[in-house]
Amino acid sequence: MSQTVRGVIARGKGEEVELVDVVVPDPGPNDVIVRVQACGVCHTDLAYRDGGINDEYPFLLGHEAAGIVETVGEHVTHVAEGDFVVLNWRAVCGECRACKRGEPQYCFATHNASKKMTLTDGTELSPALGIGAFIDKTLVHEGQCTKVDPSADPAVAGLLGCGVMAGLGAAVNTGGVKRGQSVAVIGCGGVGVAAVVGARLAGASTIIAVDIDDTKLEWAKDFGATHTVNSRETDPVEAIQGLTGGFGADVVIDAVGRPETYEQAFYARDLAGTVVLVGVPTPEMKLELPLLDFFGRGGSLKSSWYGDCLPERDFPMLVDLHLQGRLPLEKFVSERIGIDAVEAAFGAMKAGSVLRSVVTL
């Protein structure tokens with residue numbers, strides 16, 4: 001039998017979100033219903049609300065979540081009822097060309113639930129990143145559930161579902177930061193600070209945080225940055241070079257995703273260094289750089305999608321590191337809010353006053 005629960009939706013571009021009744025159908029053969037315990041308020045949810053992703057309104061927002069598997073479809077083998085899981089939007093298919101060549105982190109056909117959640121009048125909802133987790137219970141494909149240690153705090157573990165994994169993975173997986181290397185991170189919101197954490201976890205000896213906001217620079221320092229640069233006051237390229245013997249950083253991570261920050265990242269790296277773009281640009285943005293500089297500086301220019309993670313590999317390991325006291329994920333939780341406070345959380349996000357607001361249910 002289908003069930004009706006509360007969920008947060010966006011009906012139209014730029015409109016304030018609404019808390020409404022949502023109908024969750026019985027799971028299909030490979031689907032599960034998850035009772036959501038916590039869901040982070042991510043910038044991607046704001047992008048959905050404001051039409052920055054697509055125009056398939058109404059959206060059921062929320063995707064950075066953890067909870068308990070409540071009901072499973074008849075063919076589900078991946079998880080069982082009662083499992084504590086972190087939701088993920090990379091449920092690899094195993095069949096696409098990326099999966100078959102051994103690069104499932106680039107899977108082109110990730111799984112989603114076989115049925116749609118709806119409003120009470122039958123209007124189908126588009127779940128954010130195929131999840132939709134600002135809701136009491138959500139319907140997802142079994143592959144979107146990653147089982148982790150149930151002793152973890154759901155408000156903390158759920159953050160691996162998007163922002164923290166994106167930033168940490170940009171350093172560890174995409175950037176391949178090695179022990180003793182120098183790393184610069186441009187943009188120190190939630191994703192950028194997570195990149196700082198990843199660089200520290202990988203053993204970087206110099207970690208330079210760059211932002212125009214001193215509060216965010218203090219956050220980065222608290223998470224392990226060895227140096228900070230306010231790029232409103234100081235040229236970041238010169239500052240990064242000055243902190244790395246005049247050479248530039250081995251790895252520079254752009255967690256903003258604007259042409260001007262990418263250009264800073266490009267010139268702030270050492271010869272044959274690596275630039276990682278993890279901040280998401282908007283469609284109208286253009287980049288213009290001398291082609292000779294691309295050739296002459298060598299190295300690698302990479303984009304990081306979801307931190308190039310494999311949830312089944314990365315989530316349990318990172319939760320274990322957190323429980324061992326080696327990964328301070330709890331510091332990302334700035335506030336815990338009710339499901340009726342998502343719109344206010346968007347305001348706090350835009351004001352830069354929080355790392356993460358987390359809806360707890």
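Let's start with a cysteine pair in this predicted model: the sulfur of C93 has its closest cysteine sulfur in C107, 3.6 Å away, which is too far for a bond. A disulfide needs the two sulfur atoms within 2.5 Å, and the count for the structure comes to 0 disulfides. C188 is in no disulfide either, as its nearest cysteine sulfur, that of C42, is 17 Å away. C93 is buried, with a relative accessible area of 17%, and C188 is buried too, at 0%.

Now to the aromatic rings. A search of the whole structure finds 7 aromatic pairs. Two of them are set out here, with the distance between ring centres and the angle between planes.

| Pair | Centre to centre | Angle between planes | Geometry |
|---|---|---|---|
| W89 and Y306 | 4.0 Å | 10 degrees | stacked |
| F266 and Y267 | 5.0 Å | 90 degrees | edge-to-face |

The pair of W89 and Y306 links distant parts of the chain, 217 residues apart. W89 is in the loop between β6 (84-87) and α2 (97-100), while Y306 is in the loop between β16 (300-303) and α10 (311-323). W89 is partly exposed at 23% relative accessible area, whereas Y306 is buried at 3%.

In the other pair, F266 is buried, with 0% relative accessibility, and Y267 is partly exposed, with 21%.

Elsewhere, Y48, Y57 and F59 form one aromatic cluster.

Methods
Residues numbered from 1 in each chain as written. Predicted model: local features only at pLDDT ≥ 70, side-chain atom pairs only at ≥ 80, totals over all residues. Heavy atoms only, no water. Buried < 20%, exposed > 50% of the residue type's maximum accessible area, 1.4 Å probe, protein only. Phe/Tyr/Trp six-rings, centres within 6.5 Å; stacked < 30°, edge-to-face > 60°. Helix = DSSP H or I, 4+ residues; strand = E, 2+ residues; numbered from the N terminus.
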